[in-house]
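Visitor: I have not seen this one before. Can you walk me through it?
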Amino acid sequence: MKWAQSITVTLRTIRTLSTIVTCHARHRRMIVRFAGLGLGAATLTTVAAASGNTNADVLPPSLDVSSFMAEPVTPRSTLIKDKDDMKVKMEMLIMKIQADFCRALENEEDPSKKFIVDRWTRAEGGGGVTCVIQNGKTFEKAGVNVSVVHGILPVDAVRQMKARGKELIGKELPFFAAGISSVIHPSNPHVPTVHFNYRYFEVTQENGEKMWWFGGGTDLTPYYLVEEDVRHFHSTLKKACDLHDAGYYPKFKKWCDEYFLVSHRNESRGVGGIFFDDFEMHSQEDSFKFVKSCAESVIPSYVPLVKQHRNDPFTSAERDWQLLRRGRYVEFNLVYDRGTKFGLYTPGARIESILMSLPVYAKWEYMHSPSDGTPEAKLTEILRNPKEWI
């Protein structure tokens, strides 16, 4: 009898969820990962986290988290109490961007391949949600990481910030940092790699004064140059910038070309995009709106390129070139990238999330140089001499 079977399944599900909610926290995380195969990690993470929620923690519609990949890092009671605080606004934004981007990528992947959702905590304060697909048909590695951390600013991080001109007063400086960072390494060499990162930082100085700023950017790293793809990418970012100031795109495009330079190779990591840091040019709310526009431009700038090229045929030689270019990507991230350095300087740093940007496979060959007149040489020339795309 079908109705009897339905009741049995429902009762089993209730018993399973009851076990998840009531068991010890460490074991609960293990159950969530197993059960997530059937019910979805986001749903089960929410159920597990709900065990500590009271009626007072029920979120209003403006703080709807039902579509997120996992429960936010900040407790619900704090989200409600501080809903107008920029720390909460930024966390809600990056959690939504993470969910939207993960689902857009899953739509381009084999239906059986879904993001693994890993919600983690940091003993020193805060935590994050790391979402990863590995060895998929379309994406060899796709990572989308959200971190919301707080604590005392490490000495090395203070030194790095002072080198950028930040006047930080005090020895022990409480900080808050919330950001989203993503790097996508496709399987097909004709699909470019994309990176984006948007973040908010707040420091409380010894005199109680708070300093805040935003940073971030989006950039493209193709293995084979398709100029119309690059123009589409840059045009989409320019539209997002122009909503706020027509001067932003040229300024931040130039900054991107300069920042993503592999100096010891004298070549850019890719074909650029936009990049900015220490952004506090207007009010906090206006700055947030600008960052929001940039973050929301990632899907329309990149996903069409995945759709267009994910099924392109490729040769073993083209695959080798992709692996060699990934080696240059690794060199930049480990030698120059500010975000990587800050993460490694931070006590309690989660190395898996910090190094999520690295590919599964990369390659280095001694004195490799592409032959003149080849598509590989054409890309190399652009990387050594960045150009204006629009």
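Guide: What follows is a short tour in questions and answers. This is a predicted model, in which local features need pLDDT of at least 70, side-chain atom pairs count only at pLDDT 80 or more, and totals for chains, interfaces and linings use all residues. Residues are numbered from 1 along each chain as its sequence is written, and side-chain values use heavy atoms, with hydrogens and water left out.

Visitor: What is the mean pLDDT of the protein?
Guide: The mean is 85, and 82% of the residues reach 70 or more; pLDDT is the predictor's confidence in each residue, from 0 to 100. Over residues 1–54 the pLDDT is below 50. Where pLDDT is low, the predicted coordinates should not be read in detail.

Visitor: On to strands. Which sense do β5 and β6 pair in?
Guide: Antiparallel, over twelve bridges, with β5 at residues 193–204. Strands here are DSSP runs (E, at least two residues), numbered from the N terminus, and two strands pair if DSSP finds at least two bridges between them. V203 has M211 in β6 as its bridge partner.

Visitor: How many residues lie between them in the hairpin?
Guide: Five, and G208 in the turn has a positive phi of about 90 degrees.

Visitor: And what does β9 do with β6?
Guide: Six bridges join β6 to β9 (residues 272–279), and the two run antiparallel. L220 stands opposite G272 in β9.

Visitor: How many of the residues of β6 are buried?
Guide: Eleven of the twelve in β6, residues 210–221; buried means under 20% relative accessible area, with a 1.4 Å probe and protein chains only.

Methods
Contact means heavy atoms within 4.5 Å. Buried means under 20% relative accessible area, exposed over 50%, partly exposed in between (1.4 Å probe, protein chains only). Helices (H or I, at least four residues) and strands (E, at least two) are DSSP runs, numbered from the N terminus.
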